[in-house]
Amino acid sequence: MKIIIQRVSEAQVEIEGRVQGKISQGLLLLVGIAPEDTSADLDYAVRKLVNMRIFSDAAGKMNLSVQDIGGQILSISQFTLFADTKKGNRPAFNGGAAPDKASQLYDQLNALLAQHVPVETGLFGADMQVSLVNDGPVTIVLDTRVRQ
């Protein structure tokens, strides 16, 4: 699983001109599911996402998590994170999980996150327009296949 984490002061996703999900301060997640991802990847990702200290404390140091600040998460499915760009100029998009598996794990990830913080989502497989104000900017890549 690859997740692009962006600390935002606001973010929203629209589908066909209608707002599907909208948050104020929190995290925008772009979530890609790999064929080999399991519930262990979900558990690892959730633990990291809700506890990652990337929000500023009173002293201006990144010392607070999304939970600590009472923040929200906007989660967007993003199969293109597994694009293969090695050959030619057209990326190959066959590196992600099959849609049925990816949809199931994406839904499970969001349900697990919602046990900790409010979660808004896009719509799996839809053509979405995402807008955000990246706070910092802070952008981090979480890859569950590279665990410490």
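Predicted model: local features only at pLDDT ≥ 70, side-chain atom pairs only at ≥ 80, totals over all residues.
**View 1. Salt bridges across the whole structure.** A search of the entire model returns 3 salt bridges. Side chains of opposite charge can pair when their charged atoms come close. The pairs are Arg-7 with Asp-135, Arg-145 with Glu-36, and Arg-145 with Asp-143.

**View 2. The salt bridge between Arg-7 and Asp-135.** The N to O distance between these two side chains is 3.4 Å. Arg-7 lies in strand β1 (residues 2-15) and Asp-135 in strand β8 (residues 129-143), so the pair links distant parts of the chain, 128 residues apart. Arg-7 has a relative accessible area of 7% and is buried, whereas Asp-135, at 27%, is partly exposed.

**View 3. The salt bridge between Arg-145 and Glu-36.** The closest N and O atoms of this pair are 3.9 Å apart, which counts as a salt bridge because the cut-off is within 4 Å. Arg-145 sits in the segment after β8, and Glu-36 in the loop between β3 (26-32) and α1 (39-51); the two are 109 residues apart and link distant parts of the chain. Arg-145 is partly exposed, with a relative accessible area of 41%. Glu-36 is also partly exposed, at 44%.

View 4. Arg-145 forms a salt bridge with Asp-143, with the closest N and O atoms at 3.0 Å. Asp-143 has a relative accessible area of 17% and is classed as buried because that class covers values under 20%. Through shared partners, the salt bridges join Glu-36, Asp-143 and Arg-145 into one network.

Notes. Residues numbered from 1 in each chain as written. Heavy atoms only, no water. Helix = DSSP H or I, 4+ residues; strand = E, 2+ residues; numbered from the N terminus. Buried < 20%, exposed > 50% of the residue type's maximum accessible area, 1.4 Å probe, protein only.
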